[in-house]
Amino acid sequence: MTRQQLEHLIRAAVDVVADDVVVIGSQSVLGAFPEAPSALLRSMEADMYPRARPEQADLIDGALGDGSMFHSTFGYYAHMVGPETPVAPAAWEQRLVLVEVATREGVARAWCMEPHDLVVAKLAAGRERDIEFADAAVHHGLVSLPLLTERAATLRSPHAALVASRLVGVAVRIQAS
């Protein structure tokens, strides 16, 4: 997904729910890094929910989700999530990155997960694609290992120890490359 595609989804989602949206998951990296490396932009879905009314995320999923007319027309889509979805560092919602997108009516706003919080959440999830994402984010200098370590320490147990161990693996792979 490109930043332009994410902005299109943001406009459409804000139009559907009449609310700002929060974007989590891999494509939230486009909030802080509009020209993020292609290794971080493999997904064609953006995980999002309405900021003030997360319980209405199903409206986004129905209108813009997998298999929707939007998806079949444009080739990318929104995926319904909620604020409880990521295993994220403490206070992650206070560090969201604001993205404002011009619309005919004014501005659509999205709040994207800050890249360090995103990478920690990816390492907590621990799927192969999440580990690859973390490796690429560190390799390309979008995030720093010391700040990732600091944020990982704020996770609830047992996630803090698990992410700390995965961060060691990231550091070893980055050093070897």
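Okay, a definition to start: buried means under 20% relative accessible area, exposed means over 50%, and partly exposed lies in between, with a 1.4 Å probe and protein chains only. What we have here is a predicted model, where local features need pLDDT of at least 70, side-chain atom pairs count only at pLDDT 80 or more, and totals for chains, interfaces and linings use all residues. Residues are numbered from 1 along each chain as its sequence is written, and side-chain values use heavy atoms, with hydrogens and water left out.

So, the overall picture. The protein chain has 8 helices and 5 strands; these are DSSP runs, H or I of at least four residues for helices and E of at least two for strands, numbered from the N terminus. Of its 177 residues, 48% count as buried.

Buried residues in α1 include Leu6, Leu9 and Val17.

On to strand β1, residues 21–24. Val21 and Val23 point one way, Val22 and Ile24 the other, and all are buried. Who are its partners? Pairing here takes at least two DSSP bridges between two strands. With β2, residues 45–50, β1 pairs antiparallel over 4 bridges, and isoleucine 24 stands opposite aspartate 47. With β5, residues 107–112, β1 runs parallel, joined by 3 bridges; there, valine 21 has alanine 110 as its bridge partner.
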